[in-house]
Amino acid sequence: MKLMNYMNLNVHPVQLSFFKDRTHAFEEVFHAHQGMELLVVHEGTGIVVIEQQIVELKPGSIFCFRPFQLHRIRIHNLPQDNYIRSLFVLEPAILEAALSTFPTLREFLMKLWKDPLMPQAFRSESLPELEVLLRSYMPRLDAAKERGPERLLEEQTLFLAAFIHQLRTDSEKRSDSVPHLSGRSSSTAERMLAWIEAHYMEPFKLEELAASVHLTPNHVSATFHQSIGSTITEYLTARRIRQACWLLRTTDMSVQDIGEAVGLGNFSYFCQLFKKHVGFTPYKFKGMSAYTIFIE
């Protein structure tokens with residue numbers, strides 16, 4: 001199974017999906033992307049793994065995933081309970097330019113996009129009111145599709161500006177942050193994620209990870225899988241591939257040097273693993289459009 005699938009934003013830099021029912025089509029994978037992803041949860045409960053944290057997901061949750069940021073969404077009780085979400089994927093530079101005459105709103109967007117200290121999980125102050133906003137734009141966006149890509153992008157940008165404005169308003173009303181998932185196993189899993197973040201570029205040794213959290217190797221593996229929903233190997237692979245994508249896009253390092261930099265010193269194995277999980281060789285990925293992103 002691929003950890004990443006791709007959506008090409010080269011033709012059109014904004015993709016909006018409203019009230020999508022993913023109850024029977026949801027696939028739980030680690031993924032990262034070059035664009036910004038804004039997720040609104042209408043129905044469903046679960047967790048989100050992001051930046052070595054485990055955060056609760058429930059109706060009214062809003063998540064902002066930054067470019068190349070590895071994350072995983074885990075939905076509980078499918079298909080007995082529904083999972084319905086809206087998803088907005090964009091090249092953030094497009095929206096930044098559109099907000100040039102609104103400096104405080106542009107500043108909020110820039111923090112969402114680039115500030116490592118900015119929260120990335122929010123709660124809607126009133127989900128019904130937010131859904132009214134979304135529904136009010138849907139017919140306008142549908143009509144704009146008939147008038148060509150420039151008109152569509154204009155309407156999409158207006159919607160995103162309104163959405164970001166509402167998100168800022170809600171965030172200013174709430175002084176409390178969205179809580180991490182409580183529980184001993186969750187906090188232990190977060191410590192494991194932090195250890196992997198510090199050591200993923202090295203040859204992996206389960207015994208060293210276990211010692212860092214004061215558990216046996218078997219207990220480490222079981223606790224990680226219970227909390228995160230994947231094996232340690234799956235997460236480690238995703239983290240390495242995500243970093244390789246970043247380095248391929250943002251540096252002049254050779255493919256072989258990048259493999260070594262992410263802990264995959266066997267060059268042939270690195271190329272095979274990259275193609276398996278991304279769908280392209282590292283060489284082809286390096287030459288692809290800057291608007292290509294990876295998305296769930």
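Modeller: Axes here are lines fitted to C-alpha atoms, for helices over the stretch in contact, and angles run from 0 to 180 degrees between N-to-C directions. On that basis helix α7 (residues 217-228) lies across β3, β5, β6 and β8 and runs at about 75° to β8. The model is predicted, so local features need pLDDT of at least 70 and side-chain atom pairs count only at pLDDT 80 or more, while totals for chains, interfaces and linings use all residues. Residues are numbered from 1 along each chain as its sequence is written, and side-chain values use heavy atoms, with hydrogens and water left out.

Colleague: What makes β3 and β6 the edge strands?

Modeller: Two strands pair if DSSP finds at least two bridges between them, strands being DSSP runs (E, at least two residues) and helices runs of H or I with at least four, numbered from the N terminus. The open sheet has four strands in the order β3-β8-β5-β6, with antiparallel pairing, and β3 (30-31) and β6 (53-57) are its edges because each pairs on one side only. Within this sheet, β5 (residues 46-50) and β8 (residues 71-75) are joined by five bridges, and Gly46 stands opposite Ile75 in β8.

Colleague: Why is α2 called roughly perpendicular to α4?

Modeller: Helix α2 (residues 103-114) packs against helix α4 (residues 149-173) at an angle of about 80°, their axes 10 Å apart. Angles of 65 to 115 degrees count as roughly perpendicular (under 35 is roughly parallel, over 145 roughly antiparallel, the rest oblique), and α2 is therefore roughly perpendicular to α4. The contact (heavy atoms within 4.5 Å) involves Thr104, Leu105, Phe108 and Leu112 of α2, and residues of α4 including Ile164, His165 and Arg168.

Colleague: What makes β7 largely enclosed by the rest of the structure?

Modeller: Buried means under 20% relative accessible area (exposed is over 50%, partly exposed in between, with a 1.4 Å probe and protein chains only). Five of the five residues of β7 (residues 61-65) are buried, so the strand is largely enclosed; Ser61, Phe63 and Phe65 lie on one side, Ile62 and Cys64 on the other.
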